[in-house]
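Here's a quick walk through the model, one topic at a time. Have the viewer open as you read.

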2 protein chains.
Amino acid sequence: MAISKKDEFTSEEIWLSDVAKALSHPARIRILKILNEMNSCMVGSIVDKLPLAQATVSQHLKELKKVGLIEGEIDGPKICYCLHNKNLIKAKTALDKLFTKFGCC
Amino acid sequence: MAISKKDEFTSEEIWLSDVAKALSHPARIRILKILNEMNSCMVGSIVDKLPLAQATVSQHLKELKKVGLIEGEIDGPKICYCLHNKNLIKAKTALDKLFTKFGCC
DNA sequence: TATTATTATCGTATATTTACGATAAACAAT
DNA sequence: ATTGTTTATCGTAAATATACGATAATAATA
């Protein structure tokens, strides 16, 4: 896409847009819901609940992990993913702040 | 990107991911902030405040409008954009709901 | 009507995202 | 050691996103 101009914005703006990008696919929204509801959170269980191939789910998990919304813990040959509470709260707070004030022309 | 699988998800999930996608670029985050702070909200003023060409800004505005986060009102040859309070509140509520419950493995 | 000002759209180049099969890597268990 | 299970990564194809210059469209004004 031509040369990116992201550097021209603040790190706060870039971080918030990165979080939003992580939420910008329904499969990743669904994954967050699943992790919220399940006790077990191994990848296989998530794959079973989604209409996507294992490789694709793994990619989505990677993106959620990249921005810190989830974290993965190794458990034998399996990996147990879970929500990253602290970062979710941070994201929620930042989004709230963005949406709180309303002014209009 | 291969054939999209978005149809496999709920309309709520798709809507929320579309809102997130609209927020997934720092320029659009900045635009929302600008609209929140300015009285005047014509496109030219927004372009002046961003390190992007007019055509690019117009494209970003179009995406924000598409998901209903902003609206544009024709004012002579100019167009006055402003935040769409009702939809912003709706988005904020949905994001809050997604982030409110935390469970972990 | 011609000109100016303002904004959207078109065309286009490049980057990124999405999706999947195939394969590799890591570990447990036989 | 070999096998089976689980997950990540590689390679790849197709769709989208980003960015801009050029141009069209709209409306006010001279």
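In which sense do strand E1 (residues 70-75) of chain A and strand E2 (residues 78-83) of chain A pair, and over how many bridges? They pair in the antiparallel sense, over six bridges. Strands here are DSSP runs of E with at least two residues, helices are runs of H or I with at least four, and both are numbered from the N terminus. Two strands count as paired if DSSP finds at least two bridges between them.

Before going on, some ground rules. This is a predicted model, where local features need pLDDT of at least 70 and side-chain atom pairs count only at pLDDT 80 or more, while totals for chains, interfaces and linings use all residues. Residues are numbered from 1 along each chain as its sequence is written, and chains are lettered from A and ligands numbered from 1 in the order in which they are written.

Back to the strands: E1(A) and E2(A) make a hairpin with two residues between them. In the turn, A:Gly76 has a positive phi of about 70 degrees. Look across from A:Gly72 and you'll find its bridge partner in E2(A), A:Tyr81.

Over in chain B, helix H1 (residues 11-22) has 12 residues and spans 16 Å from first C-alpha to last, close to the 16 Å expected (1.5 Å times one less than the number of residues). Its buried residues are B:Leu16, B:Ser17, B:Val19, B:Ala20 and B:Ala22; buried takes 20 or more other C-beta atoms within 10 Å of a residue's own, with C-beta atoms placed from the backbone. They pack against H1 and H2 of chain A, along with H2, H4 and H5 of chain B.

Now the two chains together.

As for the interface, 41 residues of chain A are in contact with 40 residues of chain B (C-beta atoms, placed from the backbone, within 7 Å). H5(A) supplies the largest share of chain A's side, eight residues.

Finally, confidence, as pLDDT (the predictor's confidence in each residue, from 0 to 100):

| Part | Mean pLDDT |
|---|---|
| Chain A | 91 |
| H5(A), lowest among the elements of chain A | 89 |
| H4(A), highest among the elements of chain A | 98 |

How values were computed: A residue is buried if 20 or more other C-beta atoms lie within 10 Å of its own, exposed if 12 or fewer, and partly exposed in between; C-beta atoms are placed from the backbone. Two residues are in contact if their C-beta atoms, placed from the backbone, lie within 7 Å.
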